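Please consider the protein shown here. The account begins with the confidence of the model and then turns to its fold and strands.

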Amino acid sequence: MAKYTEKIIREHTIKYFTDNNLFTNKQFSFLSGGTTSLQLLSVLGQWTKDLNEGKSVDCIYMDFQKCFDTVPHRRLLHQLQGYGINNQIIQWVTDFLIGRKQRVSVQCTFSKWMLVLSGIPQGSVLGPLLFVIYINELPKIVKSTIYLFADDTKIFRSINNPEDTKYCKKILINYWNGAIHGS
């Protein structure tokens, strides 16, 4: 029953985002029409154009480590509200995420149950969509060209002057220091 409910919530949310043009066009995963091949063709087309114009391209490849495990529940719920998602759906997602507990088992010895304060259940129907929504604003924050495929991110910039290279280095330093994506 839970998987069926997740599927209904997922379909409703995708329809809402699609009808209201809320998904970034830089995300190529977990949504219909997005593939790694399409992303690669888009990136290569842009790089080829820049290289043919005699420009260089700086590129940063990032992979959000344990991406599903690190999504803060409260921030995600706040984003859903900001997008205007129906309050009943937000309440269902709240109940789906908050109040979960987990424990560790090692050779038949169990830890205490602990509340899970962040993360989206892996293997869930709704999880990939919630992650895509969580990082949906990233292309607006980063001031370079960005392409997303799930948790794999390509950030690049045509290099027209030394300042362009400095900006790419700043992005990388901020990422490592946890300033990007609230890590």
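This is a predicted model: local features need pLDDT of at least 70, side-chain atom pairs count only at pLDDT 80 or more; totals for chains, interfaces and linings use all residues.

The following paragraphs proceed from the whole chain to individual residues.

The average pLDDT of the protein is 82, and 83% of the residues score at least 70. Residues 179-183 form a stretch where pLDDT stays under 50. For this stretch, the model has 11 contacts beyond four places in sequence.

In secondary structure, the protein comprises seven helices and seven strands. Their order along the sequence is α-α-β-α-α-β-β-β-β-α-α-β-β-α.

Burial and surface may be taken together. The protein has 183 residues, and buried residues make up 40% of them. Its accessible surface comes to about 11100 Å². Carbon and sulfur atoms account for 55% of that surface.

Which strands pair with β7? One of them is β1, residues 56-63, which pairs with β7 in the antiparallel sense over eight bridges. Within this pairing, I60 has I155 of β7 as its bridge partner. Another is β6, residues 145-149, which runs antiparallel to β7 and is joined to it by five bridges. Here the bridge partner of F149 is D152 in β7. The strands β6 and β7 form a hairpin with two residues between them. In this hairpin, A150 takes a positive phi near 55°.

The structure holds zero disulfides. Is C59 buried, partly exposed or exposed? C59 counts as partly exposed because its relative accessibility is 28%, a value between the cut-offs of 20% for buried and 50% for exposed. C108, by contrast, has a relative accessibility of 72% and therefore counts as exposed.

Terms used
Residues are numbered from 1 along each chain as its sequence is written. Side-chain values use heavy atoms; hydrogens and water are left out. pLDDT is the predictor's confidence in each residue, from 0 to 100. Contact means heavy atoms within 4.5 Å. Helices (H or I, at least four residues) and strands (E, at least two) are DSSP runs, numbered from the N terminus. Buried means under 20% relative accessible area, exposed over 50%, partly exposed in between (1.4 Å probe, protein chains only). Accessible areas come from the Shrake-Rupley method with a 1.4 Å probe; for residues, only the protein chains shown count as cover. A disulfide is a pair of cysteine sulfur atoms within 2.5 Å. Two strands pair if DSSP finds at least two bridges between them.
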